[in-house]
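Please walk through this chain from its overall layout to single residues. The paragraphs below are meant to be read beside the coordinates.

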Amino acid sequence: MEDINLDHVRETSSDINLAVKITDAYKAYNSTAVVLNGFNMNVKKGTIYGLLGPSGCGKTTLLSCIIGRGRLDSGHIQLSVRKKKEIGYMPQVIAKTTI
């Protein structure tokens, strides 16, 4: 996994204890498949956080955007880390590879 520098992230004094701050996240795959619409979330540093919800509600899309594998159509994601490799996560299903 390549390093992606996240130095553009600027914390305000009220965000200093946040590991993740998501503001007005919007993502659609076409005009009828909106998966995130005005989504907001704050996760404090040191918190173990679980995303739960039904299939198709945007959990995987959101996680992909947080780790840098996807992009929001609009909105902001602020992270307290400086490099992508500092992010730890556990997906529900781990992809299988064929040897």
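The text takes up the fold, the core, a helix residue, a charged pair, the cysteines and a backbone angle in turn.

The model is predicted, so local features need pLDDT of at least 70 and side-chain atom pairs count only at pLDDT 80 or more, while totals for chains, interfaces and linings use all residues. Residues are numbered from 1 along each chain as its sequence is written, and side-chain values use heavy atoms, with hydrogens and water left out.

One helix and three strands make up the secondary structure of the chain; helices (H or I, at least four residues) and strands (E, at least two) are DSSP runs, numbered from the N terminus. Read from the N terminus, the order is β-β-α-β. Contacts (heavy atoms within 4.5 Å) give a view of how the chain is connected. Among those in the chain with a separation of 6 or more, 54% are between residues 24 or more positions apart. The chain exposes about 7600 Å², of which carbon and sulfur atoms supply 51%; these areas come from the Shrake-Rupley method with a 1.4 Å probe, and for residues only the protein chains shown count as cover. Of the 99 residues, 23% count as buried, where buried means under 20% relative accessible area, exposed over 50%, and partly exposed in between (1.4 Å probe, protein chains only).

In soluble globular proteins, nonpolar side chains tend to be buried together. A nonpolar core is here a set of buried Ala, Val, Leu, Ile, Met, Phe, Trp, Tyr and Cys residues joined through side-chain atoms within 4.5 Å. The largest one has 13 residues, and those with the most contacts inside it are Val20, Ile22, Met41, Leu62 and Ile66. S1, strand S2 (34–44) and H1 are the elements that give two or more residues to this core, and S2 gives the most, with four. Leaving aside residues up to four places away in sequence, Ile66 touches Val20, Ile22, Met41, Ile77, Leu79 and Ile87.

Helix H1 also holds Thr61, which is buried at a relative accessible area of 11%. With residues up to four places away in sequence again not counted, Thr61 touches Lys27, Tyr29, Val35 and Leu36. The side chains of Thr61 and Tyr29 make a polar contact at 2.9 Å. A polar contact is a pair of N or O atoms within 3.5 Å; within protein, one must be able to donate a hydrogen and the other to accept it, and residues adjacent in sequence count only if both atoms are side-chain atoms.

Which residue forms a salt bridge with Lys27? The partner is Asp73, and the closest N and O atoms are 3.7 Å apart. The rule asks for a side-chain nitrogen of Lys or Arg within 4 Å of a carboxyl oxygen of Asp or Glu, and by it the count comes to one salt bridge. Asp73 lies in the loop between helix H1 (59–66) and strand S3 (74–79) and Lys27 in strand S1 (residues 18–28), so the pair ties together parts that are 46 residues apart in sequence. Lys27 is buried, at 14% relative accessible area, whereas Asp73 is partly exposed, at 44%.

The structure holds zero disulfides, a disulfide being a pair of cysteine sulfur atoms within 2.5 Å. Cys65 is buried, with a relative accessible area of 9%, and Cys57 is partly exposed, at 30%.

Most residues other than glycine have a negative phi. Asp24, in strand S1, has a positive phi of about 50° although it is not a glycine. Asp24 is partly exposed, with a relative accessible area of 47%.
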